[in-house]
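Morning, everyone. I'll walk through one structure today, a few spots at a time. Please have the viewer open.

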Amino acid sequence: MATPILTGCSTTAKGPEAPASYPEAPQDGTVDTIFGHAVADPYRPLENDTAEATLKWVEAENKVTRTYIDAIPFRADIHKRLTQLNDYAKRGLPWHGNDGLYYFYENDGLRNQSVLYRSKDASGEGAEVFLDPNTLSDDGTVALQGVYQSKDGKYTAYVVSRSGSDWNEIFLLDTATGKQLPDHIEWAKFTGAAWDGDGFYYSAYPRPEAGKEFSNANENHLVYYHKVGTPQSDDTIAFSDPAHPLHFHSAYLPETDPVLLISVGGQGVGNELLMRRDGEWVKMAPTQDYTNDVVDVIDGRMYILTSMGAPKNRLMVADVTAPESKNWRELVPEADGVLTGAQFSGDKLYLTYEKDAANQVMIYDMEGNKLGDLALPGYGSVGLSTERKYPDEVRYAFTSFTAPSAQYEYDPATGESTLIRQAEIKDVNFDDYVTEQVFYPSADGTKVPMFLTYKKGLKRDGDNPVYLYGYGGFNISLTPGFSPNRMWLLENGVIYAQANLRGGSEYGEEWHQAGTKQNKLNVFNDFIAAAEYLVKEGWTNPDLITIEGGSNGGLLVGATVNMRPDLFKVAIPRVGVMDMMRYHLFTIGWNWASDYGTSADSPEMAEYLLGYSPLHTIRNDGTPYPAILVTTADHDDRVVPAHSFKYAAALQAADTGSAPKLIRIDSKAGHGGGKPVSKVIDEYADMYSFMFYNLGLTPSK
């Protein structure tokens, strides 16, 4: 495809006009008093997502949005091209099952969910379908979240979610025959299945109140033990902590040494660790101030990846007879890059690091001596597949902004990598595109990295459309990765800019903390500075900048639009946290307090949150805002749709100029995980149509 055509204005005779009016949202005039601040919340009724008035408003809003987007003349062409770009074979790395067979996920193109296959060898030749989640629903909205085999391989537990919800169900299969067993677990959440003997541990909440399954606060996360062949009602509580109802609890049993471990999180930046010994619980790591992850337990030695005493993480060891953190010994010290993963293959350790937001892999022996590096094919992200029992089988997948996942086999003896599988997309030449990394100054002078990906030969004449993406929170790093939907932007002349904002983990815990609580404005300033840099350096101009982010990134977009509406032409806040005064009252919102603080913490914290909360800082004085497309979904029980509902209603009622302010409310969908391919294509077709139309651009055909 060629460069997009500039049409000169976003409303032509052939396309839609911005709505002259919007549906009237239900109101009740609520005003909260928070540490002396009168905080108006007139759209409080929209928090009741099952109320008739809310349902009617949702229906009316979707009608307005569909009328507008469906009238964009090139929407059908965008949908067609996105379908073509997604129609290519994708296969995950194989792994060994405990039944001696190899397992891998594959999607041959446009299946809504990837299929789990198994075969006798790693090549996948003669593979058979083991579990096809597409058969679990008519529309692909049941997603497979994970599979867990018993130690002897006799049983396989699989976890599913429905319509994008965080609620999970667990089912059992006879591994050899694939026959469904009667076991069925409901109301599980944030869990796998940790096998021990003839049963497994899992995490769940008490059954929620009917009608409030997707909005009420989740409290009292319990670890249960389920014995195969028994009803859920017979399951026993293996771990509980009623004194701390807002904690998460996850069970883990290492493959080689069946020590029961419990990870406890939810109210800090990290997690506690407990180990059961002689019927008693021993606190290994007694605080959530640090992240702690037991990599494995081998011959009585525990290998622990931790941020304790190391903001960029380090690897420690401890004896199972004395597992308390005071007894941990350093095996691999903190390095320049951030240590993000550790895994064994035979007697070697493969450590994954992140350096300037891209991956590196280093190899160590079990005593902490460095043996070398695993040379990667370029600048991108890596996923390793290793198992201690199979030292000669090391595989990894590598991807970048301009390369779909490629799989390699690594030979530990020679240090050589062999390409075994490369995903290919018809009619796309990846050599036509380039990625570079730049570092720009934020408002306080901090240098922030940003990746720019674009078509070769692009001129820095200030007239290039830009799609600026960011997140900036919760210790999450944005590394290079491939998206077939993003290729549509690149082939249509758009610069894709990915900013590595503070609040993430790109440079360790200090970088994270610099974007939390009363440092949160740093994140928004970093994002604004990214746009200002792109303008100053001649890449683009404010009339051609689109910003997008999801979840915490939706908050980012909403806040920065309110701060600098003049800097962007289009904004797409997706499933965003928009009400910073009440976010902690819904589902697991309380879990975000370690990053945000809450309005109940102190007068200072409440005032700080109120100062940037997207819902509460919308201008209402005629200041022109960008065209805004808010997105959410009816089954989002991570960031409840009330955030987007109230924000959209307030936005539509405010005097912010003539550009459209729309909300897209998906059905049978959640926060984004497990979304069917067909729904993903629909959503991006709507987003890109809205974007190009309001930039005054027509994509090439």
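In which strand does Leu384 lie? Leu384 belongs to strand S29, residues 381–385. One caution before I go on: this is a predicted model.

Staying with Leu384. Its relative accessible area is 15%, and the cut-off for buried is under 20%, so Leu384 counts as buried. What does Leu384 touch, beyond residues up to four places away in sequence? The list is Leu93, Gln343, Tyr350, Thr352, Val361, Leu374, Arg395 and Tyr396. Now take Phe398. Leu384 and Phe398 are 14 residues apart in sequence. In space, C-alpha to C-alpha, they are 8.9 Å apart.

Next, two loop positions. Asn218 sits in the loop between strand S14 (199–204) and strand S15 (222–227). Buried or exposed? Asn218 is buried, at a relative accessible area of 5%. Leaving aside neighbours within four places in sequence, Asn218 is in contact with Trp167, Lys189, Tyr205, Leu246, Thr587, Ile588 and Trp590.

Gly124 is the other one. Look in the loop between strand S7 (115–119) and strand S8 (128–131). Gly124 is buried too, with a relative accessible area of 11%. Gly124 and Tyr102 are 22 residues apart in sequence, and 7.8 Å apart between C-alpha atoms.

On to a sheet. Four strands, please: the open sheet runs S21-S22-S23-S24, with antiparallel pairing. Which strands stand at the edges? Strand S21 (292–298) and strand S24 (329–332) do. Each has a single partner strand, so one side of each is left without a neighbour in the sheet. On average, neighbouring strands here are turned by 30° against each other, direction ignored. Zoom in on strand S23, residues 314–319. S23 pairs with S24 in the antiparallel sense, over 3 bridges. Met316 stands opposite Glu330 in S24.

Now helices. Helix H1 (residues 52–70) and helix H10 (residues 677–695) have axes that come within 10 Å and cross at roughly 65°. The crossing is left-handed. Which residues meet? From H1, Arg66, Tyr68 and Ile69; from H10, Asp686, Phe690, Tyr693 and Asn694. By class, that contact has 4 nonpolar, 1 polar and 2 charged residues.

Last topic: charges. Side chains of opposite charge can pair when their charged atoms come close. How many salt bridges does a search of the whole structure find? The count is 42.

Arg44 bridges to Asp32, with the closest N and O atoms 2.4 Å apart. Arg44 is in the loop between strand S3 (37–40) and H1, while Asp32 is in strand S2, residues 31–34. Arg44 counts as buried at 16% relative accessibility, and Asp32 as partly exposed at 21%.

Asp166 bridges to Arg638, closest N and O atoms 2.6 Å apart. This pair links distant parts of the chain, 472 residues apart. Asp166 counts as buried at 10% relative accessibility. Arg638 is partly exposed, with a relative accessible area of 29%.

Third, Lys675 and Glu683, at 2.7 Å between the closest N and O atoms. Both Lys675 and Glu683 are buried.

Which residues do shared partners join into one network? Asp32, Asp41, Arg44, Glu47, Asp579, Arg582 and Lys646.

Methods. Residues numbered from 1 in each chain as written. Predicted model: local features only at pLDDT ≥ 70, side-chain atom pairs only at ≥ 80, totals over all residues. Heavy atoms only, no water. Pairing = 2+ DSSP bridges. Axes fitted to C-alpha atoms, helices over the stretch in contact; angles between N-to-C directions. Left-handed = near helix turned anticlockwise from the far one by under 90°. Contact = heavy atoms within 4.5 Å. Nonpolar A, V, L, I, M, F, W, Y, C, P; charged D, E, K, R; others polar. Buried < 20%, exposed > 50% of the residue type's maximum accessible area, 1.4 Å probe, protein only. Salt bridge = Lys/Arg side-chain N within 4 Å of Asp/Glu carboxyl O.
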